[in-house]
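Subject: Structure for your review

Dear colleague,

Please find the structure below, with its sequence. My notes on what was found in it follow.

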Amino acid sequence: MRKMNDAIVLPGFRPRRMKALYICLAIVAAFSLPRAIAGTDMKEITPPACGSSACCPSCADKDWTIELGSGAAWSNVRHGQPNQAYTLVPITLTASLKIDDVSLDDFLGGWLRGYTEFYFQGEYQQIVRGPENHFEGIMVGPRYNFVQPGWVIVPFVEGGVGLGFADSNPQWGGLGQDFNFTFSAAAGARYDINCDWFVRLAVQYQHVSNAGLSEPEFPNHPIDELGPKISFGYSF
């Protein structure tokens, strides 16, 4: 080793070479630091996975749903004439079509933000307690879904009208005839498991009667049922 201006210089290293080495290290650091910072930023802004049509554009493109449901309902809980006590187990198959886009974003602070569907439903109700044994029919109507950005739970309200047939027993205080009309109203919430599958929970009121067509031969004793329902569905 030898001294140059009181600095120790290792054999084989000249001041020019050391200066060039420092310049190379500075250039490498200048290129590496922005990439490291950019990589950190990208991790921070990556959006979370979402399975709801309320926050995923790819989910919102699905216009149809189909679902299979069941539940329980009770009607006319007072015993004796003219109101018989009923217990019913409904089974439903429902197809729904989305008929508009999400709107009302700014109305009343956005609490009514949502979209409308029109549903078509076939139902079979097993009457486990009551004068009849079964009721089967069809129903159609609108459903309004309340959606908020980021939510996977979608509250809804719906109503429908339809018609159906039962094995009536008017002599036992049941429906006045086999052919009947029906209407319903329901409220509940849908839980979006992912873009394809969902679960729906609801409480539904349904009225079944013949609108007086069986009178005066047989009295019109309607069924006014109320109960919870659950269904599993697929969106496409």
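**Surface, fold, cavities and salt bridges**

The protein chain exposes about 14,200 Å², and carbon and sulfur atoms supply 68% of that area. Please keep in mind that this is a predicted model. Of the chain's 236 residues, 36% count as buried.

The secondary structure consists of two helices and eleven strands. Along the sequence the order is β-β-α-α-β-β-β-β-β-β-β-β-β. Taking contacts between residues at least 6 apart in sequence, 61% join residues at least 24 apart.

Cavities

Rolling a probe the size of a water molecule over the atoms shows where empty space is left. The count here is two cavities of 30 Å³ or more.

The largest cavity holds about 170 Å³ of space. Its lining is made up of 16 residues, with Q121, E158, R200, K229 and S231 nearest the centre. By class, four of the lining residues are nonpolar, seven polar and five charged. At least two lining residues come from each of strand 3 (64-71), strand 5 (86-98), strand 8 (153-166), strand 10 (197-209) and strand 11 (223-235).

The second largest cavity has a volume of about 30 Å³. Among the residues that line it are A72, A73, Y205, L226 and K229. Strand 10 and strand 11 each supply at least two residues of this lining, and strand 11 gives the most, with five. The classes here are five nonpolar, three polar and two charged residues.

Salt bridges

Side chains of opposite charge can pair when their charged atoms come close.

R200 and E67 form a salt bridge through their side chains, at 2.9 Å from N to O. R200 belongs to strand 10 and E67 to strand 3, so the pair ties together parts that are 133 residues apart in sequence. Both R200 and E67 are buried.

E117 and R143 also meet in a salt bridge, at 3.1 Å from N to O. With E117 in strand 6 (residues 114-129) and R143 in strand 7 (residues 134-146), the pair ties together parts that are 26 residues apart in sequence. Both E117 and R143 are buried. Salt bridges with shared partners join E117, R143 and E158 into one network. E158 is also one of the residues nearest the centre of the largest cavity.

In the pair D105 and R113, the closest N and O atoms are 3.3 Å apart. D105 is partly exposed, at 39% relative accessible area, while R113 counts as buried, at 15%.

Regards

How values were computed
Residues are numbered from 1 along each chain as its sequence is written. This is a predicted model: local features need pLDDT of at least 70, side-chain atom pairs count only at pLDDT 80 or more; totals for chains, interfaces and linings use all residues. Side-chain values use heavy atoms; hydrogens and water are left out. Helices (H or I, at least four residues) and strands (E, at least two) are DSSP runs, numbered from the N terminus. Buried means under 20% relative accessible area, exposed over 50%, partly exposed in between (1.4 Å probe, protein chains only). Contact means heavy atoms within 4.5 Å. Accessible areas come from the Shrake-Rupley method with a 1.4 Å probe; for residues, only the protein chains shown count as cover. On a 1 Å grid over the protein atoms alone, a cavity is a set of points where a 1.4 Å probe fits but cannot get out, and a pocket is an open set with protein on both sides within 12 Å along at least five of seven lines; lining residues have an atom within 4 Å of a point. Grid points are joined across faces, edges and corners, and a volume is the space filled by probe spheres set on the points. Ala, Val, Leu, Ile, Met, Phe, Trp, Tyr, Cys and Pro count as nonpolar, Asp, Glu, Lys and Arg as charged, and the others, Gly among them, as polar. A salt bridge is a side-chain nitrogen of Lys or Arg within 4 Å of a carboxyl oxygen of Asp or Glu.
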